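Student: I have a structure on the screen. How do I read its pockets and its loops?
Tutor: Let us look at it together.

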Amino acid sequence: MTGQERSEEKSEERIECVSLSPMREAVPAPPEYERVCVFGTGDMGRSLGLRLLQAGYGVMFGSRRPHSSSLLPHGAQVLGHAAAAQSARLIFIAVQREHYDFLVPLANQLKGKVLVDLSNNLRKNQYPEANAEYLQSLVPGAEVVKGFNTLSAWALQNGPSDANSQGEDISFRIMVSLANKVCPIVSLIMLSLCYLPGVLASFLQLYRGTKYRRFPDWLDSWMLCRKQLGLLSLGFAFLHVLYTLILPIRYYLMFWVTENTVSLIRENRTTEFDTTTAWRGDSYLSLGILGFGLYVLLGITSLPSVSNALSWKEFSFVQSKLGHLTLLLCTAHTYLYGWNRFLSSSIYKWYTPPGYMLCLVLPSVVLLLKLLLITPCVDRTITRIRQGWERGADQRNPKDSKPLIP
Ligand code: NAP
């Protein structure tokens with residue numbers, strides 16, 4: 001084989017070679033291939049439309065109310081069903097099977113079109129024939145295919161940018177969702193719920209000006225289950241830590257990092273070291289580690305064998321002071337995770353803030369209320385109340401100030 005033949009063969013190989021690295025947010029969408037149509041602007045229609053747009057297709061929605069359709073992905077167009085059907089050869093039917101009869105009057109416009117039936121039924125054998133068969137019987141001039149019905153709108157919305165993502169990516173997303181979304185969110189909310197009743201109780205005492213009146217039953221029961229809430233939140237924090245440690249050793253991530261490094265070398269490119277990201281990343285990790293350390297300490301001191309060995313002062317110092325410090329560290333850890341992402345409109349899927357932002361509301365409120373309680377003037381009053389002082393006790397009948405709780 002001559003040198004020229006070899007180089008031709010190599011260039012052919014290069015053309016056939018498809019990059020295995022997934023598309024990232026930063027990678028621009030491929031050129032627009034063709035326009036496809038999606039009937040229905042519900043959850044599934046919008047999520048599918050978004051993915052199709054990201055994959056480079058032009059998307060035309062067909063809707064009953066094209067002028068009032070909202071929350072459509074940026075870049076999509078919307079028309080009435082008949083007009084939309086004429087704009088594309090491939091039409092996704094993202095409408096419940098029960099409403100398929102709206103397609104009958106559109107039989108002319110749908111002649112020769114490929115209709116993708118996305119529908120699922122609520123239960124097995126709900127209808128005598130399959131949904132795709134039913135659709136075909138309604139529009140005999142169209143070519144009906146079944147597909148995409150095993151994907152969920154949620155997975156489409158939250159999945160990676162690569163519209164071709166398969167098993168590896170989906171399992172990766174599930175793992176990331178569990179590790180870096182669900183577990184820390186649940187853990188932080190539960191920890192806040194553990195400290196919220198104490199703060200509410202303090203405000204109630206301040207309002208009443210006495211500690212000798214029973215708390216409402218709901219607050220009493222809530223205070224009684226703080227230990228269980230704390231242990232559960234520690235369990236979720238533990239899972240978060242485990243997942244975070246495991247993620248970097250996953251094949252998927254190692255492959256992606258290597259691929260990225262190799263392509264940088266091949267293209268003789270370099271990326272600048274970003275000190276802000278480094279500082280943010282280190283602070284985020286340090287706060288997380290410190291928060292988790294204190295979390296474990298709280299868990300250990302709540303064990304009866306340990307708590308029995310502590311004086312009341314020591315126990316309350318750990319559970320109250322260090323507990324609030326743990327909440328502060330974990331909240332700051334989450335704030336650093338979000339950093340300035342709240343400024344970017346792309347994270348507000350369907351105009352809703354992501355979970356890691358929403359979960360900051362409760363701990364921030366608890367910490368703010370606690371901050372109010374430890375300001376000297378409030379703290380002095382609450383300390384006096386806890387020592388038995390009652391507001392207006394001097395003017396009242398001494399009988400009234402008798403403690404209800406001994
Ligand atoms: P959805 O949120 O209820 O949306 C359905 C859309 O259908 C509506 O937004 C509406 O769009 C249109 N529609 C409603 N009534 C209609 C009628 N009488 N005539 C014509 N169009 C009507 O439902 P979805 O969750 O998106 O599900 C759509 C289809 O995808 C279903 O067949 C479902 O089984 C399938 N699917 C859904 C998922 C999922 O995760 N959601 C997963 C797999 C498969 P306009 O107001 O724009 O007309």
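Student: Which element gives the most to the lining of the second largest pocket?
Tutor: α13 does, with 11 residues. This is a predicted model, where local features need pLDDT of at least 70, side-chain atom pairs count only at pLDDT 80 or more, and totals for chains, interfaces and linings use all residues. Residues are numbered from 1 along each chain as its sequence is written, and side-chain values use heavy atoms, with hydrogens and water left out.

Student: How is a pocket found?
Tutor: Rolling a probe the size of a water molecule over the atoms shows where empty space is left. On a 1 Å grid over the protein atoms alone, a pocket is an open set of points where a 1.4 Å probe fits, with protein on both sides within 12 Å along at least five of seven lines. Lining residues have an atom within 4 Å of a point. Here, 45 residues line the second largest pocket, and R226, S316, Q319, S320 and H324 are the closest to its centre.

Student: Where is F148 found?
Tutor: F148 sits in the loop between β6 (143-146) and α6 (153-158). Helices (H or I, at least four residues) and strands (E, at least two) are DSSP runs, numbered from the N terminus. Phi of F148 is near 65°, a positive value in a residue other than glycine.

Student: Is N268 buried or exposed?
Tutor: Buried means under 20% relative accessible area, exposed over 50%, partly exposed in between (1.4 Å probe, protein chains only). N268 has 72% relative accessibility, so it counts as exposed. F148, at 39%, counts as partly exposed.
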